[in-house]
Amino acid sequence: MASMSDGVRAVCFARRGAGAASLAEQRAAFETECAARGWIAGTVVCQLGRGGGDGRAWAAVRRMVRTRRADVVLVDTLETIGATERDIARELVLLRHAGVRLLISEFGWDTADTASFGPQAAAFGASVALTAVAA
């Protein structure tokens with residue numbers, strides 16, 4: 001019997017900037033996660049500077065998923081997709097509404113696994129909301 005991981009094509013979104021792991025470390029994490037899950041490790045798209053939501057590279061990754069050239073986006077940390085907590089929360093909502101599956105290797109969070117990802121996303125969203133109210 002084939003497993004659900006058969007044929008899953010992954011794309012890595014990496015960021016080179018302050019506080020980000022080296023591109024080699026991000027690529028290694030991507031390849032390790034793909035191998036562990038039996039996924040096909042595809043393209044590594046790199047952005048320079050700020051987090052994901054502000055760049056052409058991030059838009060290219062979302063387009064790859066929308067056009068079905070990739071099934072899942074893998075990032076090493078949450079900070080890779082946004083420069084601030086608010087940016088990260090916005091991106092998580094946009095990705096969910098666009099039907100983009102995201103794996104965050106730092107925590108092992110997979111947006112397709114609502115049993116494990118849902119509570120973390122809700123807690124993260126609540127912390128962002130509280131921060132916004134306090135500001």
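Predicted model: local features only at pLDDT ≥ 70, side-chain atom pairs only at ≥ 80, totals over all residues.
User: How far apart are the end C-alpha atoms of helix H1?

Analyst: Helix H1 covers residues 23-37, which is 15 residues. At 1.5 Å a residue, H1 should span 21 Å. The model agrees with this, as the end C-alpha atoms of H1 are apart by 21 Å.

User: Which residues of H1 are buried, and why are they on the same side?

Analyst: Buried here means under 20% relative accessible area. In H1, this holds for Gln 26, Phe 30, Glu 33 and Cys 34. They are on the same side of H1 because around the axis they cover an arc of only 100 degrees.

User: Which strands do the buried residues of H1 pack against?

Analyst: The other side of H1 has exposed residues, namely Ala 24, Glu 25, Thr 32, Ala 35 and Ala 36. The buried residues of H1, in contrast, pack against S1 (9-16), S2 (40-48), S3 (72-75) and S4 (101-104).

User: Which residue of S4 is the bridge partner of Val 72?

Analyst: Val 72 belongs to S3, where Val 72 and Leu 74 point one way, Val 73 and Val 75 point the other way, and all are buried. S3 is joined to S1 by three bridges in parallel, and Val 72 is the bridge partner of Ala 10. S3 also pairs with S4, again parallel, over four bridges. In S4, the bridge partner of Val 72 is Arg 101.

Note on methods. Residues numbered from 1 in each chain as written. Heavy atoms only, no water. Helix = DSSP H or I, 4+ residues; strand = E, 2+ residues; numbered from the N terminus. Expected span 1.5 Å × (residues − 1). Buried < 20%, exposed > 50% of the residue type's maximum accessible area, 1.4 Å probe, protein only. Arc of directions from axis to C-beta. Contact = heavy atoms within 4.5 Å. Pairing = 2+ DSSP bridges.
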